[in-house]
Amino acid sequence: MEDYEIAADILGKLRAKKGSIKGLCLAPRVKNKKKVYALVCETLKMYPILTNLLDRTDFSAREPRVARDLAAVLTHDLLFAKRGILCGGWMKSTMTRHRTVLRAALLALARERRVEGLPSDPDNAPGAVARAVLKHLDSGNQDVPLPRYVRVNTLRTTVAKAVKEFQRTKIVRKGVETQTVWKYGGAIDDWKSMAPDTFYQDLHLPELLVFPPSTDFHLDTQYKSGSIVLQDKASCFPAFILAPPTGAHCIDGCAAPGNKTSHLCAKLRNQGYITAFDLDARRLETLKKMTTRAGCRVIDAVHGSFLETDPARFPQVTHILLDPSCSGSGIVARLDALVDTQLAENLDEATAAANDPDRLVKLAEFQQQCVMHAMKFPSVQFVSYSTCSIHAQENEQVVAAILAAQNDFELAPRDRVLPTWPHRGDEGHGLSAEDANKVVRAAPDDGTNGFFVALFVRKGIDVDVPPTAVKEGKPKNRAERRAMAAWRVEPVGSVGDAMEVDDEEVDVERELMRVPSVSKAPAKQSHVPTAGSSAPAAPAVGGIAGASRKKKIKRKHKHLPIVTKKTV
Ligand SMILES: C[S@@+](CC[C@H](N)C(=O)[O-])C[C@H]1O[C@@H](n2cnc3c(N)ncnc32)[C@H](O)[C@@H]1O
């Protein structure tokens with residue numbers, strides 16, 4: 001194996017957490033240990049930039065023969081090593097063909113991020129440009145293009161209280177506290193016109209506050225206590241659009257790390273039930289910590305594949321949120337995440353071959369499978385499908401394939417799906433203009449990451465009437481009793497008992513009415529969507545809060561087998 005191939009292999013192992021840099025570079029099979037070690041370290045330093053350049057230039061699609069990690073190490077030397085690529089043959093000739101376009105992409109990245117201190121002749125000094133980009137990111141300028149969004153966790157506080165608290169809070173930028181406190185500017189519809197030192201309420205999602213790009217929340221007391229959650233605006237769309245009524249039984253099929261699960265729980269006001277599946281145990285641990293901190297009481301975190309669940313075991317589930325693995329090609333802030341955490345936890349998810357055509361085909365198949373599986377749940381009424389991808393192949397095309405493959409569900413009308421959000425789906429790609437208008441896209445120009453959401457509704461359901469939870473009947477026979485018991489028993493990792501719970505339950509829309517009294521916010525109607533919002537809560541039918549109900553159920557069914565590992 002060439003040194004480059006060995007270095008790429010080590011990079012892959014590091015990402016998979018299969019060893020340390022030193023351990024892997026000192027292995028007997030590595031002949032040029034020093035050289036390979038240097039190559040791996042240098043590539044790692046530049047890794048966020050390298051993956052960004054490969055994505056921008058659609059490299060994997062153009063050169064499928066060059067695997068992702070190999071492309072990263074080769075691009076490193078192509079652009080940044082004094083002596084360029086130190087091998088001959090197909091690797092060098094392939095990479096050299098892309099030199100110009102990769103350099104141009106680097107410059108585009110620097111300009112897009114408004115990097116200062118670029119060399120006078122940036123076209124010919126890619127190393128200096130890359131160092132300036134890294135310095136820019138290191139100094140906390142990661143998210144210059146996008147505002148910072150704060151979702152008020154209505155399980156812990158209210159929008160009005162959070163606003164009031166921020167008005168007393170000193171502004172922190174890049175880890176440095178200033179002497180000024182935040183001003184509140186009311187609702188905003190053009191994020192590009194934000195005034196300095198001012199935060200706003202989002203026009204589309206009332207529980208969202210919008211802050212300037214460089215705001216740092218890591219020292220913030222509301223953040224530390226779980227009263228606010230840092231979550232991109234578009235990532236809040238799925239739970240907001242799904243809008244389950246209190247008492248509803250929900251599934252989050254691909255849940256970890258759990259931002260959408262905790263948002264869903266807030267929508268339920270901790271009344272109802274959420275089964276949150278994820279295949280990845282480590283990410284599921286993050287979900288448990290995150291949702292515990294957020295005060296969620298009705299989530300069962302289940303380690304297992306959503307695709308292997310038996311729908312018959314979930315007779316009361318009416319709402320399913322699906323945010324399956326995707327290419328992550330919409331995440332513009334990915335660069336920051338990588339720099340923050342080096343080879344971060346969700347590196348695979350976020351950076352793996354965002355444009356690799358084979359991978360896109362597989363992802364689209366998986367995404368479609370997930371939604372089709374969700375539609376098999378006997379009482380399900382609404383299924384939200386989302387990705388943080390910009391590819392029609394994972395978005396409109398998946399939706400079109402699902403519409404063609406079954407007859408029970410259709411797209412919910414625009415009135416139910418963020419009606420005032422202007423950016424809708426792309427026509428073509430199998431979707432009619434009418435259907436494209438029913439789905440939502442988001443992009444950096446909207447002030448968010450690239451995102452896509454569709455809401456499927458069972459035909460015949462009146463979408464204007466918020467559904468109530470399915471009535472919890474008595475099991476009719478032994479099989480049904482077993483099925484219900486299996487569903488209800490406390491799965492491994494249930495967070496129900498372990499957390500401090502703030503019992504205050506909050507109606508966001510009611511609270512919004514109070515916001516204007518905090519400052520000169522506009523009238524509530526202007527920023528509370530009429531449809532697609534969290535509808536007034538329907539009475540919880542059988543909606544006993546999770547923890548106490550689970551105890552009762554456990555006693556009632558103590559003769560039945562307790563599921564202690566995977567419940568799927
Ligand atoms: C895009 S992420 C979900 C992000 C999450 N919804 C959030 O907002 O925090 C996709 C998740 O799906 C999980 N996943 C992939 N295949 C799965 C399957 N068959 N069943 C359950 N989870 C799966 C991955 O482990 C990953 O955590």
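The model is predicted: local features need pLDDT of at least 70, side-chain atom pairs count only at pLDDT 80 or more, and totals for chains, interfaces and linings use all residues. Residues are numbered from 1 along each chain as its sequence is written, and side-chain values use heavy atoms, with hydrogens and water left out.

Me: How many salt bridges does the structure hold?
Reply: A salt bridge is a side-chain nitrogen of Lys or Arg within 4 Å of a carboxyl oxygen of Asp or Glu. By this criterion, the number held by the structure is 14.

Me: Which residues are linked with Asp9 in a network of salt bridges?
Reply: The side chains of Asp9 and Arg29 meet at 2.6 Å, N to O. This pair links distant parts of the chain, with Asp9 in helix H1 (residues 3-15) and Arg29 in the loop between helices H2 (21-25) and H3 (33-56); helices (H or I, at least four residues) and strands (E, at least two) are DSSP runs, numbered from the N terminus. The network of salt bridges joins Asp9 to Lys13 and Arg29.

Me: What is the relative accessible area of Arg97?
Reply: Arg97 meets Glu63 in a salt bridge of 3.1 Å, N to O. Glu63 counts as buried at 11% relative accessibility. Arg97, by contrast, is exposed, with a relative accessible area of 57%.

Me: Why do the residues listed by UniProt for "binding site" gather at one spot?
Reply: The unreviewed UniProt entry lists Cys254, Ala255, Ala256, Pro257, Gly258, Asn259, Lys260, Asp278 and Asp323; such annotations may be inferred rather than shown by experiment, feature names are shortened, and positions are given in the numbering used here. They span 70 residues in sequence, yet they gather at one spot because no two of their C-alpha atoms are more than 13.1 Å apart.

Me: Which residues does Gly258 touch, not counting residues up to four places away in sequence?
Reply: Gly258 is found in the loop between strand S8 (249-252) and helix H12 (259-268), and is buried at 1% relative accessible area. With contact defined as heavy atoms within 4.5 Å, Gly258 touches Leu287, Met290 and Thr291.

Terms used. Buried means under 20% relative accessible area, exposed over 50%, partly exposed in between (1.4 Å probe, protein chains only).
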